[in-house]
Each structure stands twice: as C-alpha cells, then as structure tokens.
Amino acid sequence: MATLDDRSRALVQKAYPEAIQNEADMISLSTSIFPKAEYSSGEKSEIEQWLITSSHLGSSSSTEDAAKTAERLSALNTHLSTRTTVLGSKPSVADIAIYARLSPLVAKWSDEQRTGEQGYHHIVRHLDAVQNSPLFALKLDDAEKIQIDPSKVVFSIKPIDAKAEKERKKKEKEAAAAASSTTAESTPVVAQATAKVEEAAATVKSTGDKVADAVAAETPGAGKKTEKKEKKAKAPKQPKAPAAPEKPLSPALIDLRVGHILKAIQHPNADSLYVSTIAVGDPAGTDNTSEYEGQICRTVCSGLNGLVPLEEMQGRKIVAVCNLKPVTMRGIKSCAMVLAASPRLAEGEEDNHKGPVELVNIPEGAQAGDRVYFEGYNDCEPEPVLNPKKKIWETFQPGFTTTDNLEVAFDGSAVSQLAEKGKTSVGKLLTKAGVCTVSNLKNATVR
C-alpha cells in the first residue's frame, strides 16, 4: 500500500494540517484535501501507483538507480505532456508527492535540463502549476518555490497533433468506462468544460459544412452523381511469415561484453556520476556511438563517484551491459552500464549507497567487445535492445552474485521463474580468456 515519505508528509502537514489525520488511507487523504474531486476506481488505483513511483524519484546514488530514475522521469514527462495533473485535470495527493520529491532536484537543473530538446518541459510545467495554482493552495514562501523564468526556454516543443490527441482522449474515455461499473457524475467544472468542447466541435463542423457547400456551388458538375467504377479484383492475401521462435527465459538475453575505458571524467552536472568513454567492440556506424582515439566508443554514465577512485577508472577493462535502452542522465546520454559488486543487504537493511564497491575484474588477454556469458546459461543470443516493459534486467539481476572464491557468477535459484523450472545451478561469468572476478567482496550483489 502506498504511503507518504517524510518530505511529502511534511508538505501536506504544512498545507493541510487537518487533512493529514487521514494519512493511513491515501484515497481518503486525497478526498480530504480536494473534497470537490470525485475519483473512479481506476483513478484511485492510479493515485496509489503514482504515489509509489514518486517515492523512487529524485534519487540517483548508483548507476542502476540513476538509470531507473532517468527512465521514470522520462515516463512522467511523457505522461504529463497531455495532462495538467497526473490524473488529467483532477488534483490529487499524488501531484503533491511528486512535487515534494522533485522540487529540490528541479531547482538545481540547468536551463538545458529543464527546457532543452531532451529536457523535461512538462515536469517543470506541472511543478510550477502545483506550487502556484490556487487549486492546490500550497502554503509556500517564494524562497521555497522553484524559480522558473519563462524567458529561458532553450527549445520550444512542437504542439500536440489535434487528431492524435482526440484519438487518445477517446481511448482514455473508453478505458475509464471499462474500469468502473458505475459512472460518477461529472463535477460542474468538468461538465462546463465538456459542454464548451462539444460546442466548439459543433461550430467547426458547421463552418466546414458551409465551406464545402460554397465550394460545391462554384465547381461545375459538383454534386452530380458519378458512375460507379468497377471494383478491382482483390489480390489474394500473402501468407504471413512464420513467427520467429520465442527465445528462452535466460540471462543470456542480456548483452554483456568486455569494455575498455579509454577516458573517465566527473559528470559536470552530477556529483555522484562519472562519464566514461568506453570501447565495447561496436562496428562503425552503430547507433549512439562516436569515435575517440581511432576507436568506436559509447558514452556511459555511472554512479561510482565517491565509491571508486577516478584514477581506477582510467584505461581499465570492465564488464558492460550493452543492450539497455539509452537514458539521459543530467543532460548526458548514457548508452551502457558498468557492472560493479557491492555488499548484499540484510533483510530490512536500507541501501545507503556508501559502499564498498568493486568493479568486476576481466581475465588477462580478454579484448574489448569479447562476449561475456554465464556458464551453463549461454542458451540464446542477446536481445538487440531490452524492452523496459518486459523487465528482463530486473528479473535476472538478483541472480548476479560473487562466490566465496571471489568469482562473479549467476545463481539460478535467486530467480523464481528459473527456480520453478529446476534451473538452479550456479554458473561462472566467463570470457573466452577465463573467469571474471572481484578483489575482496564475497557473496555480494553485482549490478
């Protein structure tokens, strides 16, 4: 069940001291804050989901967390591109939680991060609305608000296609109707807005009909019926090509390669990140690559600043995850991930990202671009790009571990989908030159 984190709770306590008494139930809390809003069952579920998502926003202490945060920010920005609030137009406690989590982060963003071509325009607009709109009535001093200068828009985003937006709204309306067996009566504001939209649509249709009639009157032969053309015989449908066989559920779907770090620097906009230039054996012309010192390389952001000395990143070989979807991390696109080991958390222990952290050691003789795989699990080719919706990385990463012999391995018993099929063996992480290891961390997690 979703709850408020400390930052969100403090903001709600300050703005709505009486409503906070309903904190045990997030929907009741939202209704107390916004008594005029009526939520369908689908909207209630959406509020719960956005509250859970908000608790993960604004944190990027490690490579994996930074990548996930960037992915969540992109998803939220896309979601808000056609909405005033996360529900569309209705306010909810989820909007306040998102504001509480993201406002300290957005306050530090550069103009490029806020409104550049790859910036989060719609998140910035949403937070500005939450902090200033009478609809939310947050009791914030000017010093507490994010300072947003409308004149500093780096890149003007294109307007939304009206036809596509109409189709999206139609689908959302159908989905909302299916989600709830009873339809709540619309609030007066929503009813008025709907009436205005329908009135505008009727005016446009009427004007269009008049124009069509005028054109027809001026066009010789317009309005006369034409003889029907003979229908052409339809060509027989070509049989569909057989579907490609489905790949087995396996960690081999993850594209692991030997990477050679040619250069590593501190991220200019993030204290916790390094930016590395890494050769992973890509051919010339591969998407998201560039040339450096005569080699085809990828730019990779990793949350290792403060955990691994910068000098240890220079010129060394690592294991890189090469088929994650690229993400922009504080203004720089990261196109792979560097694997590192850290102590496994005990049950109930909080991950404070303080280390220790060790990079995976590559056996002598391995070259940049060499395939890296788990012994006994090399049963298919990697996916070109991992589909974030299928959560392949999230499914198999819990099995990435180190052994008592300081070897990196995959433990099938840690992945329920494999354990159910009896695939519980432990396979070493190999290259054609030998096994990959760590220096000191036994029974650690690798990510």
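The buried residues of helix α1 pack against α2 (26-33) and α5 (93-108). Helices (DSSP runs of H or I, at least four residues) and strands (runs of E, at least two) are numbered from the N terminus. Buried stands for under 20% relative accessible area, exposed for over 50%, and partly exposed for what lies in between (1.4 Å probe, protein chains only).

This is a predicted model, in which local features need pLDDT of at least 70 and side-chain atom pairs count only at pLDDT 80 or more, while totals for chains, interfaces and linings use all residues. Residues are numbered from 1 along each chain as its sequence is written, and side-chain values use heavy atoms, with hydrogens and water left out.

**Exercise 1. Describe the chain as a whole: how many helices and strands does its secondary structure have, and what share of its residues is buried?**

Step 1. Counting the elements gives twelve helices and 16 strands.

Step 2. Of the 447 residues in the chain, 39% are buried.

Step 3. Take contacts (heavy atoms within 4.5 Å) with a separation of 6 or more: 70% of them join residues 24 or more positions apart.

Step 4. The chain exposes about 26000 Å², with 52% of this area supplied by carbon and sulfur atoms. Accessible areas come from the Shrake-Rupley method with a 1.4 Å probe; for residues, only the protein chains shown count as cover.

**Exercise 2. Work out which residues of α1 are buried and why they lie on the same side of the helix.**

Step 1. Within α1 (residues 6-15), the buried residues are S8, L11, V12 and A15.

Step 2. Because these residues cover an arc of only 95 degrees around the axis, they sit on the same side of α1. The arc is taken from the directions that run from the helix axis to the C-beta atoms.

Step 3. An α-helix has 3.6 residues a turn, so residues three or four places apart point the same way.

**Exercise 3. Characterise the second largest pocket: which element supplies the largest share of its lining?**

Step 1. Search a 1 Å grid over the protein atoms alone: a pocket is an open set of points with protein on both sides within 12 Å along at least five of seven lines, a cavity is a set where a 1.4 Å probe fits but cannot get out, and lining residues have an atom within 4 Å of a point. Points are joined across faces, edges and corners, and a volume is the space filled by probe spheres set on them.

Step 2. The second largest pocket holds about 820 Å³ of space. Its lining has 28 residues, and E71, R72, S74, A75 and L76 are the closest to its centre.

Step 3. At least two lining residues come from each of α3 (41-54), α4 (63-80), α7 (121-132) and β6 (327-329). The largest share, eight residues, belongs to α4.

Step 4. Sort the lining by class, with Ala, Val, Leu, Ile, Met, Phe, Trp, Tyr, Cys and Pro as nonpolar, Asp, Glu, Lys and Arg as charged, and the others, Gly among them, as polar.

**Exercise 4. State how many cavities of 30 Å³ or more the structure holds, and what lines the largest cavity and the second largest cavity.**

Step 1. There are two such cavities of 30 Å³ or more.

Step 2. The largest cavity has about 300 Å³ of space. Of its 22 lining residues, A67, E71, L324, K325 and W393 lie nearest the centre.

Step 3. α4, β6 and α11 (392-396) each give at least two residues to the lining of the largest cavity, and α4 has the largest share with five. By class, this lining has 13 nonpolar, three polar and six charged residues.

Step 4. The second largest cavity has about 50 Å³ of space. Strand β11 (residues 371-374) supplies four residues, the largest share of its lining; other names on the lining list include P251, I254 and Y377. Eight of the lining residues are nonpolar, one is polar and one is charged.

**Exercise 5. Locate A137 and N443, and give the phi of A137 and of N443.**

Step 1. A137 is in the loop between α7 and α8 (162-179); its phi is positive, about 50 degrees, although A137 is not a glycine.

Step 2. N443 is in the loop between β15 (434-435) and β16 (445-446), with a positive phi near 50 degrees in a residue other than glycine.

Step 3. A137 is partly exposed at a relative accessible area of 43%. N443 is partly exposed, with a value of 43%.
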